[in-house]
Amino acid sequence: MDEPLLQWLRLRESADARARADALTRRIIRVLAARRPVHILDLATGAGSNVRYLALRLPRPQRWLVVDRSGVLLADLRARTANLDIDIEVRKMDLGSLDGSLFEGRHLVTASALLDLVSEAWLRSLARHSRAAGAAVLFTITYNGRSSCDPAEPEDDWIRELLNRHQKRDKGLGGPAEGPDAPATSARCFADEGYLVERAPSNWQLGPDDSAIQRTLIDGWAEAAREVEPEHASAIQDWRERRIAHINERRSHIIVGHDDLAAWLP
Ligand SMILES: C[S@@+](CC[C@H](N)C(=O)[O-])C[C@H]1O[C@@H](n2cnc3c(N)ncnc32)[C@H](O)[C@@H]1O
């Protein structure tokens, strides 16, 4: 069941790395100052995309605790982080409710492509635990509900609206997900805990050379839209076929809006 997710995470890793707001990583490096080794917690680490990005940039030595519920993804992570020359403890566990002990002694709490899946209560708990540990935080590639497709199709806005409704469903992380509201809600939760918060865009800019990720994205959007309005399945399929034709003809450009957030205690 996690194989398709693994393929998706592999597909998106380079788009995520290109999109990330480097300035926020540099900001966190300054905040970490002389802390050595750096103790880092990566939540919902999946196959380790965030670890591979940050391991090359954060000061060394690094001690990582990485957590996910999927054994398939964690096995892949183990294989693909073995050459990074970092200390890494891999833990398989459900993060439906956050266990405070994960945070103890961490200088940095981070996650990639996670915050739009979680509820406001979960974000409040995340901010509280991070603060109790005195940790800085860096959250990257949080979907913000904005996207655009070129060439445009008349149904693009409607499909995006259906997708954004789907994004608010409960994903098993503390209740109905924040979805497109996650960037603003997380900024508020960390500010309420006394954090200084900085945000920056990390949009995917996908062109004709990104045809595989574009195809999977359009299929995913169509599936989500169908789940929200099954009575319009045939109109959604029609839209999907036109978008896939644009991709096959190498004329499709898609922007997907994401935000990155860094926060630290004064
Ligand atoms: C969109 S993926 C992001 C993975 C990784 N951070 C990345 O950027 O490639 C979301 C991750 O959340 C994990 N996840 C979802 N619900 C979870 C839960 N309740 N407990 C632990 N992990 C969960 C999934 O297994 C998946 O790895």
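1. Basis. Residues are numbered from 1 along each chain as its sequence is written. In this predicted model, local features need pLDDT of at least 70 and side-chain atom pairs count only at pLDDT 80 or more, while totals for chains, interfaces and linings use all residues.

2. Helix H1. Helices (H or I, at least four residues) and strands (E, at least two) are DSSP runs numbered from the N terminus. Helix H1 covers residues 3-19, and its 17 residues should span 24 Å at 1.5 Å a residue; the expected span is 1.5 Å times one less than the number of residues. The end C-alpha atoms of H1 are 24 Å apart, which agrees.

3. Burial in H1. A residue is buried if 20 or more other C-beta atoms lie within 10 Å of its own, exposed if 12 or fewer, and partly exposed in between, with C-beta atoms placed from the backbone. Leu 9, Arg 12 and Glu 13 are the buried residues of H1. Their cover includes helix H3 (49-55) and H8.

4. Strand S8. This strand (residues 253-264) is largely enclosed by the rest of the structure, because nine of its 12 residues are buried. Two strands pair if DSSP finds at least two bridges between them. S8 runs antiparallel to strand S5 (residues 136-150), with nine bridges joining the two; His 253 in S8 is the bridge partner of Asp 150. Strand S6 (residues 196-201) is also antiparallel to S8, over six bridges, and Val 197 has Ala 263 of S8 as its bridge partner. Strand S7 (residues 204-206) pairs with S8 in the antiparallel sense over three bridges, and Leu 206 stands opposite Ile 254 in S8.

5. Gln 214. This residue lies in helix H8 and counts as buried, because it has 25 C-beta neighbours inside 10 Å. Two residues are in contact if their C-beta atoms, placed from the backbone, lie within 7 Å. Neighbours within four places in sequence aside, Gln 214 contacts Leu 206, Ile 247, Ser 252 and Ile 254. Gln 214 and Arg 243 are 29 residues apart in sequence and 9.3 Å apart in space, C-alpha to C-alpha.

6. Arg 226. Helix H8 (residues 211-228) also holds Arg 226. Arg 226 is partly exposed, with 19 other C-beta atoms within 10 Å. Not counting residues up to four places away in sequence, Arg 226 touches Ala 233 and Ile 236.
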